[in-house]
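Work through the exercises below with the sequence and the structure side by side, and try each task before reading its solution.

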Amino acid sequence: MSLQTAGTTLTASKDEILRAVAGQRRALLSLVSALDPEQFDTPTALPGWRVREIVGHVISLDVTSLNGKILLVAFSSMDNLERWNDRQAARWADRPVPDLLLGLDRWGRRFVRLARTVPAPLYRVRVPTLWGKGPGGLLIWSRAYDEWVHRQDIRRALGMDDEQVDLAPVAEFLLTAMSAAVLPSFAGRHGRVDVSLEGTPVQEWRFDLHSGTAGPDDGGEPDARITAPAHSFILGASGRERFDDLLSAGTVTVEGDEPLGREFLSKTRIV
């Protein structure tokens with residue numbers, strides 16, 4: 001498959017994106033439904049957020065997407081969005097556990113129904129996003145990524161292992177978002193960086209710095225190849241792990257032009 005202009009083409013269809021979003025919500029609901037009520041008060045690694053705040057955050061994204069209020073901050077700075085997220089999560093966090101579980105289920109279904117009304121061509125229209133200019137479908141697809149990452153936040157807080165299966169839609173979102181977020185910072189540079197995520201059927205992606213294009217690798221050797229287990233790479237990109245630590249541990253490796261690969265990783269932050 002040939003490279004696509006950065007941020008212009010989705011490799012997933014509308015239906016695949018909707019299935020990914022709905023699937024991640026089912027997995028989150030399954031996890032928290034099995035918790036004892038007191039476990040909702042468990043602190044997580046996110047400053048000031050218990051399991052309750054994470055659940056409240058997810059529900060508030062549904063609610064504000066449906067009422068349009070999220071549009072007031074969706075295109076602002078990441079700092080503004082994070083402060084806004086804190087306020088919105090607090091509106092739900094201290095509600096009784098049955099209300100939180102009902103909210104996850106009910107509002108999640110409503111969000112998917114809303115996303116389904118968006119015509120498929122609009123998923124591919126380039127719009128401003130948090131990660132740079134990219135296809136509008138990224139804004140919906142990001143919910144699958146966000147919920148997978150937050151599910152690991154909850155699992156880690158409760159002493160559970162990270163999940164390492166069914167990562168293809170999450171990994172593919174991440175690589176697409178990186179096309180919009182990372183490549184512009186290399187404008188005017190030369191080099192080709194491949195990212196290979198192990199444990200997922202997603203094809204190795206190539207990021208061509210000179211042309212500003214990215215997509216499934218179309219052949220030929222890159223200048224640098226980054227290889228990592230998919231779940232570790234996602235946790236690094238989301239800030240839950242440090243890429244420097246993952247490199248030191250050998251979890252993430254760079255072949256070829258190591259300084260280029262490390263620089264590329266240093267600019268990879270998708271939250």
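**Exercise 1.** Leaving aside its neighbours within four places in sequence, which residues is Gln152 in contact with?

*Solution.* The model is a predicted one, and the search begins by placing Gln152, which is found in helix α5. Once neighbours within four places in sequence are set aside, Gln152 is in contact with Asp162, Glu163 and Leu235. Take Leu235 next: Gln152 and Leu235 are 83 residues apart in sequence, while their C-alpha atoms are 8.7 Å apart in space. Finally, Gln152 has a relative accessible area of 1%, and because buried means under 20%, Gln152 counts as buried.

**Exercise 2.** Find how helix α5 and helix α7 are arranged where they pack.

*Solution.* Two packed helices are described by the angle between their axes and by the distance between those axes. Here helix α5 (residues 137–157) and helix α7 (residues 230–237) pack at about 95°, and their axes are 11 Å apart. The angle therefore makes α5 roughly perpendicular to α7. On the α5 side the contact includes Tyr145, Trp148 and Gln152, and on the α7 side it includes His231 and Leu235. By class, this contact of α5 with α7 has six nonpolar, two polar and one charged residues.

**Exercise 3.** Describe the lining of the second largest pocket.

*Solution.* Begin with the space itself, which is about 200 Å³ in the second largest pocket. Next, α1 (14–33) and α4 (97–117) each supply at least two residues of its lining, and α4 gives the most, with seven residues. Last, the lining residues divide into four nonpolar, one polar and six charged, with Arg25, Asp105 and Leu104 among them.

Key: Residues are numbered from 1 along each chain as its sequence is written. This is a predicted model: local features need pLDDT of at least 70, side-chain atom pairs count only at pLDDT 80 or more; totals for chains, interfaces and linings use all residues. Side-chain values use heavy atoms; hydrogens and water are left out. On a 1 Å grid over the protein atoms alone, a cavity is a set of points where a 1.4 Å probe fits but cannot get out, and a pocket is an open set with protein on both sides within 12 Å along at least five of seven lines; lining residues have an atom within 4 Å of a point. Grid points are joined across faces, edges and corners, and a volume is the space filled by probe spheres set on the points. Helices (H or I, at least four residues) and strands (E, at least two) are DSSP runs, numbered from the N terminus. Ala, Val, Leu, Ile, Met, Phe, Trp, Tyr, Cys and Pro count as nonpolar, Asp, Glu, Lys and Arg as charged, and the others, Gly among them, as polar. Axes are lines fitted to C-alpha atoms, for helices over the stretch in contact, and angles run from 0 to 180 degrees between N-to-C directions. Angles under 35 degrees count as roughly parallel, over 145 as roughly antiparallel, 65 to 115 as roughly perpendicular and the rest as oblique. Contact means heavy atoms within 4.5 Å. Buried means under 20% relative accessible area, exposed over 50%, partly exposed in between (1.4 Å probe, protein chains only).
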